[in-house]
Amino acid sequence: MNMNSHMILKLHKKPNTCFVETDMLLEWVSDEQDENGRPLFRRTPTPEKKSYERGLCFTAGGKRYGSLKLLTAVRSGRTEGLHKDCYGRTVYEVTERFPCFDSHDFAHENRYYRWYYLIWKERLICVYSADGSSEVQVTEDVDVLRKKSWESMQKAGLLNKDMILSIS
């Protein structure tokens, strides 16, 4: 690959099997193109997952964090969910409330699932936690983005019409 070429993250629809697919496949493509307008270089992510005990340090994107709060140290701009971590890197947070089944749940349920996304060395990193869980999961080089996450990114203006992700 040309050392001057910059890779960008592009989302693609998963092919439908016997079910309608709503998640997106990720691919890193070079901004450098051939004579037909296709990227010169492509890379399919190869995810690596690690689990850490909640309350202990974890590593994400080459940096060590003492707590999840360090991922959202500073709110960044007006976009909901956009933060700077304690190292100054941009992090996008997606939250989803635990399921509610009746009026009691709606009145009292305050737990959330949380996904934190950042880009480091042309890799999408995802840190996942659920309130009340005893672990934190870190996926380096995410290859599939679930519907809730990519729709949230789209709503926040982080995905352009060509489904190119820009977290910076």
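Colleague: How many bridges join strand β1 (residues 7-13) to β2?

Modeller: In this predicted model, local features need pLDDT of at least 70, with residues numbered from 1 along each chain. Strands are DSSP runs (E, at least two residues) numbered from the N terminus, and two of them pair if DSSP finds at least two bridges between them. β1 and β2 run antiparallel, and the bridges joining them number seven.

Colleague: Which residue of β2 stands opposite Lys10?

Modeller: β1, residues 7-13, is antiparallel to β2, which spans residues 24-30. Opposite Lys10, β2 places Glu27.

Colleague: In which sense do β2 and β13 pair, parallel or antiparallel?

Modeller: Met24 stands opposite Leu145 in β13. Two bridges link β2 and β13, and the sense of their pairing is antiparallel.

Colleague: Which residue in β3 is the bridge partner of Trp28?

Modeller: Strand β3 covers residues 42-43 and runs antiparallel to β2, with two bridges joining them. Within β3, the partner that bridges to Trp28 is Arg43.

Colleague: How many residues of strand β2 are buried?

Modeller: β2 has bridges to β1, to β13 and to β3. Its seven residues, 24-30, are mostly covered. Taking buried as under 20% relative accessible area (1.4 Å probe, protein chains only), the number of buried residues in β2 is six.

Terms used. This is a predicted model: local features need pLDDT of at least 70, side-chain atom pairs count only at pLDDT 80 or more; totals for chains, interfaces and linings use all residues. Side-chain values use heavy atoms; hydrogens and water are left out. Buried means under 20% relative accessible area, exposed over 50%, partly exposed in between (1.4 Å probe, protein chains only). Helices (H or I, at least four residues) and strands (E, at least two) are DSSP runs, numbered from the N terminus.
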